[in-house]
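Dear colleague,

I am handing over the structure below, and I would ask you to keep it open while you read the notes that follow it.

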Amino acid sequence: MLTALHSTENTVKTMTAEVANIAAGAGNRTRYVLLAILLAAVITFALRALPFLIFHGERKMPEFLVKLGAVLPAAIMAVLIVYCLKSAITDWRTNALPQILAVLTVGISYKWKHNTLLSIVAGTAVYMILIRVL
Amino acid sequence: MQNTNTSQRKNPTHEQNKNILKEAFVKSIPILCSYLFVSMAYGIMMEEAGFHWYYSLLVSMSVYTGAFQFVFVTLLSSGASFLTIALTAFLMNSRQSFYALTFVDEFAKMGKRKLYMIHTMTDETYAVNCSLTEQGETKRGLMFFVALFSRCYWMIGAVLGGVLGQLLPFDMEGIDFCMTALFVIIFIDQWEKAQSHFPALIGLTAAVVCLLIVGPDYFLLPSLIITSAVLMLWNCRKERDQNADGIA
């Protein structure tokens with residue numbers, strides 16, 4: 001237990017103080033982990049529920065937020081695609097080519113057939129083959 | 001109309017239920033491919049950090065987010081402070097506040113299922129929900145079962161990863177690309193039915209610019225804030241123009 005803590009301390013220098021805190025209550029490790037999970041779960045749920053927490057009952061969501069919610073999906077889909085391709089965008093050397101070719105496969109096959117599953121299978125197959133071949 | 005919907009919800013025929021289940025499963029297949037393997041990787045990572053499968057299951061069940069769960073492993077095993085954990089969870093997951101905006105009305109009609117829908121709102125379920133063309137109670141049933149199935153895939157994967165670990169004989173690296181593929185397909189769908197391409201383009205531009213400036217770890221939140229701000233201004237201007245046209 002202590003050796004594990006020491007090695008962590010060495011690798012994660014910035015968290016030294018926090019590791020020391022845990023070492024002090026090593027017997028309470030389970031409690032720490034469970035509390036940490038509860039904390040993360042509550043925060044995540046609260047964030048997802050935020051618009052519902054603010055606008056409920058008499059307090060209707062204002063018109064400008066309703067309109068925003070209606071146009072957001074298209075914009076968020078673009079953001080999520082960038083998120084998936086972030087490694088290719090920031091660094092061209094990390095399998096950018098397989099990602100670009102696979103995205104093109106998905107786009108072109110979908111424009112052609114409009115078959116969701118076909119395009120997903122084709123794109124993923126192209127990607128999985130290319131990362132092994134290139 | 002409202003009455004018919006409610007009665008349908010209370011007494012849906014067996015056939016209708018079966019069709020909704022089947023359709024929800026088909027819609028969730030891309031999520032299945034992605035979640036099962038990504039959460040298996042998560043279960044393996046947890047096991048390597050010294051947390052057995054029941055911890056992976058507990059986190060997957062209660063927290064249920066993608067990227068943050070991976071960072072959470074590092075936080076837990078290094079014994080990070082509660083403040084660090086809270087801040088990281090806040091920064092990495094606040095983007096999901098935006099997702100609820102699209103579905104406030106829809107969820108409000110879902111009764112007891114509403115809390116479950118809020119809890120299961122991930123990037124992927126949001127994307128699939130946005131792609132549904134069905135209406136009314138059928139749509140809400142589909143949304144619920146897609147959410148339910150997806151969460152099951154995620155939990156099953158996490159447990160499998162923890163229990164089987166690296167015993168898996170096959171190399172599935174790259175299978176998670178199916179999620180990227182799904183996002184691209186939904187993007188094309190949205191593009192084709194949109195009256196204006198401005199929202200899609202502003203999302204794309206904001207995300208790329210933020211990625212290049214902020215870096216890959218924290219660019220999602222600033223991208224969404226900028227996108228939302230620009231879209232709100234755009235909505236206002238559109239309304240003003242329409243009003244001006246009306247007067248003229």
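**Two residues and one contact**

B:Tyr64 is buried, because 23 other C-beta atoms lie within 10 Å, and the cut-off for being buried is 20 or more. Please keep in mind, as you read on, that this is a predicted model. B:Tyr64 sits in the loop between helix H3 (53-62) and helix H4 (67-77) of chain B, and its phi is positive, at about 55 degrees, although B:Tyr64 is not a glycine.

A:His114, which is a residue other than glycine, has a positive phi near 55 degrees, and it is found in the loop between H6 and H7 of chain A. Is A:His114 buried or partly exposed? A:His114 is partly exposed, since it has 13 other C-beta atoms within 10 Å, a count that falls between the limit of 12 or fewer for exposed residues and that of 20 or more for buried ones.

Now to the contact between the chains, to which chain A brings 62 residues and chain B brings 68 residues. On the side of chain A that touches chain B, at least two residues come from each of several helices, among them helix H2 (16-24), helix H3 (29-54) and helix H7 (116-133). Which helix gives the most to this side of chain A? That is H4(A), with 19 residues. By residue type, the side of chain A that touches chain B consists of 47 nonpolar, 10 polar and 5 charged residues.

With best wishes

Definitions and conventions
Residues are numbered from 1 along each chain as its sequence is written. Chains are lettered from A and ligands numbered from 1 in the order in which they are written. This is a predicted model: local features need pLDDT of at least 70, side-chain atom pairs count only at pLDDT 80 or more; totals for chains, interfaces and linings use all residues. Two residues are in contact if their C-beta atoms, placed from the backbone, lie within 7 Å. Helices (H or I, at least four residues) and strands (E, at least two) are DSSP runs, numbered from the N terminus. Ala, Val, Leu, Ile, Met, Phe, Trp, Tyr, Cys and Pro count as nonpolar, Asp, Glu, Lys and Arg as charged, and the others, Gly among them, as polar.
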